[in-house]
Amino acid sequence: MRAVVLREALVAARRPALVGAAIVSAGLLALFPIAWGVRGIPTLGGMSLYDQQFRLEWILALMLLPWTAARVIATERGDDFVGLSAVTAIQPSRLLLARLLAATIALVAVVTGALPVVISAQQMSAVPASRLVADQLALLAFALPAAIITVWWMQLTTDRLLGWLGAAATTLIVVTLGRLSVATMNQAAIALAAISVCAAAILLARADVWWRYLSEPRA
Amino acid sequence: MITISGLTKMVGHRTALAGVDLSIDRGGSVAVSGPDREDRSTLMRLLATLVRPTSGTIVIGGLDAVTDVYRVRRLLAYAGPMRILPNRLRVDEYLRFAASARHQPSTAADIAADLVGLNRNAPIEAIADEARGRLTLAAAIASGAAVLVLDQAFDCLDAPARDRVCEWLVAARHRGTVIVVAENEPVAGLCDRHVALREGRILETSVEEPLDQAAASRELVRV
């Protein structure tokens, strides 16, 4: 298991998309106060720079995290995934678990990459540190459903673009539903993380059946 | 070590295997020949638990290959037509991963790479598709598995690499490894039994002599 986790993490770390996503995320968040000043967008009156930037951080997370996960995870799926299981003699559920872990860690890296910029905004807006911690923990928790949804989509389709679009659309729908169900975005993120753990457990439980054999021509 | 009884396999509407019976003891080695490469490959994939038999049983190391598929996979390694995706890994990284997943030391991966003649530091994406067969063979060698299922695995090797791999396989056989090889032409000196697969059945068997004397006279490898 350790070998597989290390391999999945190595594959993710080697993808330029990981560093690219972290730079884009941090860069756009850093540009926000430069573009709008310490008061933020004037039409969003009543909201501090930190609040406005936090909204932007969520929008970026919704777009970037599924894309990043789709780009960085190892590409075996379908028969290639069965082949990987045969080469390593490791059950597909464990391979998939390792992939989920690697994808989640990669997304956490993208979110944390923007932390210095977010902390600057928090300081400029004089927002309590406890709120910053709660907001960032919610975003980090969101990395889990984003990773699970994307890995699931990437196992379903051989087309990476389709996988990303499907994952992005599903993530958006799930987040919207979550946001409509609870009071705040942070609560929605925590609830989604909990639900996604259950979804991952179901996926892993079925993986050994779904990816047991190579596909065959139908009779 | 391996017992196959009444094994049948339908591929689409075609009967690829129609009641194959075969048993191989520990340290045994069998060469499977026959006119239909696809049928041979089907038998090898069934042995490797990569496809499900239509009927019949395969027992490997006392375990049923259908009901205990994942435990059986720990006993065997397969090298054959199978894609290996680069994922930006180098040859040594891939082989060390394959070896460590099976609790083998990294030296096993290095030895396997040298045997098949792969540059350990080469990125996998730089290796031509046809040469990636060497990588699957090296992964099988590095696995330390008790059963090696080699389906056309020698096709991608040049003569010196064939010699080295054959020598290693013969030594592995003496240590108790079971080797099942499917090749277009017999690999001289490697297998002690030769079976022919014709029209889905094993029709002829010879022990310690090549199936085709003419082919043997073109001996590809001397061990």
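Student: Which hand does the β-α-β unit of E7(B), helix H6 and E8(B) of chain B have?
Tutor: This is a predicted model, in which local features need pLDDT of at least 70, side-chain atom pairs count only at pLDDT 80 or more, and totals for chains, interfaces and linings use all residues. Residues are numbered from 1 along each chain as its sequence is written, chains are lettered from A and ligands numbered from 1 in written order, and side-chain values use heavy atoms, leaving out hydrogens and water. Helices (H or I, at least four residues) and strands (E, at least two) are DSSP runs numbered from the N terminus; with strands pointing away from you, a clockwise path from the first strand over the helix to the second is called right-handed. Here the path goes from E7(B) through helix H6 (residues 159-174) to E8(B), and the unit is right-handed.

Student: How many bridges join E7(B) to E8(B)?
Tutor: Strands pair if DSSP finds at least two bridges between them. In this pair, B:Leu150 has B:Val181 as its bridge partner. E7(B) and E8(B) run parallel, and the bridges joining them number five.

Student: What stands opposite B:Tyr78 in E7(B)?
Tutor: Strand E6 (residues 76-79) of chain B pairs with E7(B) in the parallel sense over four bridges. Opposite B:Tyr78 stands B:Val149.
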